[in-house]
Amino acid sequence: MIRRRIFLITLGVFALAPPLGSFAQQQKVYRIGYLANDPDPRRPSVTFKAFVDALQEVGWTEGKNIEIRIRSSHGRDEDFPALAAELVREQVDIIVTTGSGSTRAAKAATNSIPIVFGSAANPVEQKFVASLARPGGNVTGLAILVQELGPKRLQLLKEILPQASRFARLYAANNIVVMQPAIIRENEMSARTLGVTLQQIAVKGADDIEPVFAAAARSQIEAVAVEADALLVINRARIAGLALKYRLPLMGPDGRFAEAGALASYGENFAARYRRAGFLVDKILRGAKPADLPVEQPTVFEMAVNLKTAKALGITVPEAVFLQADRVIR
C-alpha cells in the first residue's frame, strides 16, 4: 500500500510539471539592435566579431537567448535616424551604436531603450551623456580619444619622414562637427611644434576621396594622416590604394588601415573596444541601468607598420619607430 501511494504521488508530480523543454522555451530572447557603418559587419568587421565573442563568453548566444538586428548606414550618417526609428518600432531591448552619427540618431529616437555606444568622440560635449562618471539617462558606452591621437599620428609621421615638411589630415566633414574646431587647433599646434605645415581636408563623401588624393599630390603634400571617421574607415582599402597610387605615405587611425596597405597606423585597438561594449551590454541585459554605468575610456593603443608598403614607397622605417611598433606587417 505504501508503495502504491508513492507511485500515485509521483504520477501527480509529473502531471503538474511542465512538458520537457518548456523552461528553455520560456527563456526570453533579447533583441539587440546594432547600428553599423559597415555594409555587412558580420563579414569584414573584426569589431562586430569581438562584440559577439564577448557576449558568448558570458552566456549570450545568437539564436538561443539573443537576436542581433543589424541596420547599416553604409557610411551615410544621414541614414541613421530612419534606421534608429526602425529599431525602436521593432521594440528592441537595447541598441548598440558604432559612432557619433549613430549614437546621435539613437538618442533622438528613444529616451527609454538602453543605448551603448561602442565608440563616440567627446560624448559629454556632444551631449550624449551628462558626465563620464554619471551618464544619466539611457546612454552609456566607450569614449574615443580624438584630440589626443591626431597629434601623435603627426609625430610618428615626422619620425618616419624626418625631412618632410608638408602634411595633410583627412577627416569626415559631417562627423563630430561640434568638436572639429578644437580638434583642428590641436593638430595645428602639433604641426607647428614639429615644424611642418598641415593642410586639413574635410571629405564630404566617398566620391571626394580620389580627387582629394590627386589634389594633395599636385600640391606637393608629402604624407597624409587619416582620422577614425566612419566614412574613411569603411573606405580604408580604397584610401590605402590611392595613397600608394599617388605615392603618399599614409598614417591610419588604427590597425585596420595598416592591414589594408597604409604605411603605418596608430590608435585604439577597436576589437578590444567592442569586446568591452559586449560586456556593457551583458550588464544591462542582466538588470544594470545605463545611468549607473560610467562611460569607459579604453587605453589599449597599438602602432602597426606595413613593411611591404614601405618597400613599395622606397621608405626605410627608422629603427626607433620599429621599437614603438606593436605589429609589423610584412
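What covers the buried residues of α8? The cover includes β6, β7, β8, α10 (236–245) and β9, where buried means under 20% relative accessible area with a 1.4 Å probe, protein chains only. Welcome to this predicted model, in which local features need pLDDT of at least 70, side-chain atom pairs count only at pLDDT 80 or more, and totals for chains, interfaces and linings use all residues. Residues are numbered from 1 along each chain as its sequence is written, and side-chain values use heavy atoms, leaving out hydrogens and water.

**The sheet**
- Seven strands, as in "7 strands", form an open sheet with mixed pairing, in the order β7-β6-β8-β9-β10-β11-β12.
- β7 (197–203) and β12 (327–329) are the edge strands, each with a single partner, so one side of each has no neighbour in the sheet.
- From one strand to the next, the twist averages 20°.
- Strands here are DSSP runs of E with at least two residues, helices are runs of H or I with at least four, and both are numbered from the N terminus.

**A closer look at β6 and β7**
- β6 (residues 166–172) and β7 run parallel, joined by 7 bridges; two strands pair if DSSP finds at least two bridges between them.
- F167 sits opposite L198 in β7.

**The helices**
- α7 (residues 180–194) lies across β6 and β7, at about 165° to β6; axes are lines fitted to C-alpha atoms, for helices over the stretch in contact (heavy atoms within 4.5 Å), and angles run from 0 to 180 degrees between N-to-C directions.
- In α8 (residues 209–218), the buried residues include I209, V212 and F213.
- Just after α8, Q220 has a positive phi of about 65°.

Note on methods
Buried means under 20% relative accessible area, exposed over 50%, partly exposed in between (1.4 Å probe, protein chains only).
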